[in-house]
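Here is a short briefing to read alongside the model. Please keep the sequence and the 3D view open as you go.

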Amino acid sequence: MKLRKKMIIFTFVVALLSLGVTYLLLHLIMLNRFEKLDEAALKDSLADTLSSYQEDLRDMKTGLLNYSLRDETYRFVEPGSKSEGSIAADDAFIRSTFNRTTYEVNHFDMIALLDKSGQPLYGGIYDSSLKRISLLTPELQTLLRLMNSRIPAFSGANDSKSGIVMLDKGPMLITLTPIVNSLRDQPVIGTAIAGRMLHQEETTHIRGEGSSSIQITRVSSEVLAQSKGNTLWMSPVSNSMMSAHTIVDDLFGNPGVVITLKQPRRIYESGQESIYSFRISFFLITALSCLLSLVFVNRSILERMSSLISNIRAIGSSKDLSIRIPSTGKDEFSDVEHEFNRMIDSLEQAQDELRQQSTLDPLTQLPNRSLFFAKLNAAIAAAKDSSRQIALVFIDLDHFKTVNDTLGHDFGDAMLKETAFRITQAVGQHDVVSRLGGDEFTILLSDIPDSAAMATQLTSIQEALSMPHHIQGHLLYNTASIGISIYSQNGEDADYLVKQADLAMFHVKETGRNNIFQYSEDLEKSIRRKKVLSQLLLSAAAKDEFEVHYQPILRSTDLEVHKVEALLRWTTPSHGPISPVEFIPLAETSGSIVGIGGWVLRQVCTDLQKFREQGLFLTAAVNISGVQLMQSGLLDLLQGLLNEFGLPASCLELEITESVLVSGDSILQSLQQLRAHGFRISLDDFGTGFSSLSYLRRFPVDVIKIDRSFVSEMTPAPQGDVLVKAIIELSHNLGLCVVSEGIELPEQFDMLRSLGSDELQGFYISKPVTAREIPPLLSQENSENERFLYRQGSGDMI
């Protein structure tokens with residue numbers, strides 16, 4: 001589609017949109033504004049109404065004070081003043097004081113005098129149509145009693161109370177003043193009450209123009225729901241009328257009446273007429289503007305653009321960048337022609353800059369991966385003809401993800417730029433520093449005179465990276481894990497050297513971070529073995545490669561085997577038997593320990609059930625890792641297995657290591673929950689971890705297992721058993737059972753038994769055996785337990 005056609009379509013679309021938007025704005029904004037002005041005027045009128053209502057109450061109060069402060073009224077209400085002569089005087093006082101003139105002059109429809117107890121001494125209502133005063137109606141008498149019960153008695157001459165009440169005939173304004181003498185030096189002895197009905201014809205003085213009207217109604221639940229909690233709200237009556245409502249509290253402080261003011265929407269109707277006239281004018285002006293705009297665009301833009309396109313095509317077809325477009329004026333098109341000529345001049349320079357930028361990291365301006373490998377390959381090619389060594393350094397920042405997760409990527413980017421600067425300052429002029437991505441950096445040390453010089457330079461790099469970072473007012477500390485590979489000692493291929501340095505760095509990560517390590521073949525074999533074993537662990541249980549062995553535990557008192565320790569064994573078809581010392585840490589770090597632990601618990605319960613069927617009621621000690629303890633479903637798993645195999649909780653003793661105790665309160669809660677359900681808790685390898693004696697009092701532990709390292713160091717010499725003896729005595733004082741493991745010599749067996757160790761375990765008693773070997777082994781041990789007793793007077797074993 002040609003630009004001319006687009007401009008025509010665009011002009012008409014803009015015109016239509018302008019008309020449409022203007023129409024909407026006029027209706028949504030202007031008319032809405034006119035409506036708001038009507039609402040504001042209506043609210044002002046309603047405010048005048050409320051002001052008149054308050055003014056009427058003040059006038060009634062002033063009129064009533066003329067009678068409540070008279071001495072004659074005071075004597076009339078004063079208690080004890082009623083005698084035969086005073087009654088006649090009272091009648092004369094009533095006729096002279098509360099006559100028809102009093103009602104008419106003050107516009108009172110009701111007057112009442114109450115004594116201090118609230119009993120009416122006088123009460124009258126005035127009928128203006130009949131010009132007659134009559135007694136209070138039952139409704140008003142009930143109202144007086146209600147006021148006496150709900151309105152506190154006046155305590156001072158200046159007290160008063162005013163408000164409105166709804167009667168069957170309509171709303172009535174009520175005012176109450178205390179009855180005191182004219183000097184106000186006597187106590188209040190009663191209450192004077194005046195009321196005025198609010199008739200529709202009596203509100204003309206607050207209606208404003210004749211077209212407005214006021215309506216006063218009683219508050220209802222529908223009205224309260226319509227108000228939505230507002231004391232003032234608006235509602236339309238018709239297209240030409242609107243109304244405002246407000247709720248006025250009654251004499252007792254409750255929502256009493258609703259005052260509604262209605263008036264025509266004059267401003268809104270006037271606005272509608274003005275907007276209609278404006279729309280006609282705006283349509284005509286818009287049509288004329290579109291026509292003039294099309295003529296102007298065609299002559300001033302489209303024709304100039306056609307000329308510019310012709311010149312550009314001529315340059316493009318000739319492929320001669322020496323041709324320039326001639327300038328034909330001083331407008332924006334001339335600027336375009338001038339800038340186009342400058343663009344041709346700078347095109348080659350821009351291409352060179354883009355080529356250079358494509359090889360740099362955008363954040364740190366260091367060489368990126370592609371440029372680094374190009375320089376590394378060039379350095380390898382140059383080093384092949386000489387005896388020089390090349391060191392490839394692979395750097396990964398420790399815990400850098402924590403910075404991004406806690407402080408944000410702005411802090412992380414600032415730390416990466418500072419790290420790049422520090423590395424650049426710490427290396428030589430001919431060395432190459434690169435950022436491979438993320439928080440990974442590489443350094444190409446192109447000329448290493450000897451190992452000592454390389455170590456010195458690496459140490460300076462490590463120290464530079466360990467210095468604190470000052471970022472946006474924060475002081476951040478960070479370290480780095482550094483791996484090294486050497487050309488040609490560790491390989492001659494660029495990719496292989498980077499991979500080897502990465503493996504060395506990964507080893508640093510696994511062994512505590514913040515260190516430097518050089519690649520070796522043994523390291524690669526170790527890492528590869530760990531990765532392979534971690535993968536094989538995921539399917540070992542499904543492939544039936546695990547087996548549980550049991551080592552008997554001897555009770556010291558009767559030398560009977562009543563408990564066994566479950567020990568997991570793993571044999572793979574490809575690698576043969578794998579030591580638990582090797583595969584258990586791999587299972588914990590990879591997360592497969594949870595599934596393996598569940599398999600072990602099920603197998604142990606299966607074996608315990610079979611033992612019981614053969615008359616062996618044994619307890620099994622099973623190792624539980626910290627990862628398992630943190631799983632919320634461990635207790636459900638244990639209870640489900642016990643229910644499935646019909647076993648009591650006492651047949652399982654859950655062994656934990658000392659390092660688990662320092663893991664936090666979640667471990668404590670898990671142990672307390674397990675112990676509350678009948679499971680015994682055993683602390684394995686006691687004395688080798690990080691726990692203190694306070695943990696033994698805080699954590700729910702039933703059994704202490706003395707580590708084999710203490711047992712192996714026991715000697716018959718004096719003080720040779722002091723440490724083990726102290727552990728046993730301390731455990732017994734805390735009410736804990738003691739198991740000594742790692743017993744391999746008869747001397748150790750005798751010494752531990754004499755020191756009071758409750759249970760004994762070790763190769764001297766029995767090596768771990770399979771489940772099917774347990775029944776014959778225990779049968780043999782129970783029949784020949786004399787081999788653990790000394791002959792009288794001899795140190796030889798029978």
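In what order do the five strands of the open sheet lie, and what kind of pairing do they have? The order is E12-E13-E11-E16-E17, and the pairing is mixed. This is a predicted model, in which local features need pLDDT of at least 70 and side-chain atom pairs count only at pLDDT 80 or more, while totals for chains, interfaces and linings use all residues. Residues are numbered from 1 along each chain as its sequence is written, and side-chain values use heavy atoms, with hydrogens and water left out.

**The open sheet**

- Strands pair here if DSSP finds at least two bridges between them; helices (H or I, at least four residues) and strands (E, at least two) are DSSP runs, numbered from the N terminus.
- E12 and strand E17 (516–518) are the edge strands, each pairing on one side only.
- From one strand to the next, the twist averages 20 degrees.
- Helix H13 (residues 494–510) lies across strand E11 (389–397), strand E16 (480–487) and E17, and runs at about 145 degrees to E16.
- Between E16 and H13 there is a loop that holds Ser 488, and a cis peptide bond with omega of about 5 degrees joins Tyr 487 to Ser 488.

- Strand E12 (residues 432–437) has five of its six residues buried, so the rest of the structure largely encloses it. Buried means under 20% relative accessible area, exposed over 50%, and partly exposed in between, using a 1.4 Å probe and protein chains only.
- E12 and strand E13 (residues 440–448) run antiparallel and are joined by five bridges.

**Nonpolar cores**

- A nonpolar core is a set of buried Ala, Val, Leu, Ile, Met, Phe, Trp, Tyr and Cys residues joined through side-chain atoms within 4.5 Å.
- The largest such core has 79 residues, and those with the most contacts inside it are Phe 546, Val 604, Leu 629, Leu 652, Leu 674, Phe 679 and Ile 774.
- Helix H16 (residues 593–613) gives the most to this core, with nine residues.
- Setting aside neighbours within four places in sequence, Val 604 is in contact (heavy atoms within 4.5 Å) with Val 548, Tyr 550, Ala 566, Ala 620, Val 622 and Leu 652.
- Another core, of 35 residues, lies apart from it and includes Met 60, Phe 108, Leu 113 and Ile 189.

**Helix packing**

- Two packed helices are described by the angle between their axes and the distance between the axes.
- Helix H14 (residues 521–540) packs with helix H15 (residues 580–590) at an angle of about 70 degrees, and their axes are 10 Å apart. Axes are lines fitted to C-alpha atoms, for helices over the stretch in contact, and angles run from 0 to 180 degrees between N-to-C directions.
- H14 is therefore roughly perpendicular to H15, a term that covers angles of 65 to 115 degrees.
- The contact is made by Arg 529, Lys 530, Leu 533, Ser 534 and Leu 537 of H14, together with Glu 582, Phe 583, Leu 586 and Ala 587 of H15.

**Cysteines**

- The structure holds zero disulfides, where a disulfide is a pair of cysteine sulfur atoms within 2.5 Å.
- For Cys 651, the nearest cysteine sulfur is that of Cys 605, 6.2 Å away. Cys 651 is buried, at a relative accessible area of 1%.
- Cys 737 is also in no disulfide, and the nearest cysteine sulfur, that of Cys 651, is 17 Å away. Cys 737 counts as buried too, at 17% relative accessibility.

**Loops and a helix residue worth a look**

- His 107 has a positive phi of about 55 degrees although it is not a glycine. His 107 sits in the loop between helix H4 (100–106) and strand E1 (110–115), and is exposed, with a relative accessible area of 53%.
- Asp 544, not a glycine either, has a positive phi of about 60 degrees. Its place is the loop between H14 and strand E18 (546–555), and Asp 544 is exposed at 62% relative accessible area.
- Asp 48 belongs to helix H1 (residues 3–68) and is partly exposed, with a relative accessible area of 48%.

Technical notes. Angles under 35 degrees count as roughly parallel, over 145 as roughly antiparallel, 65 to 115 as roughly perpendicular and the rest as oblique.
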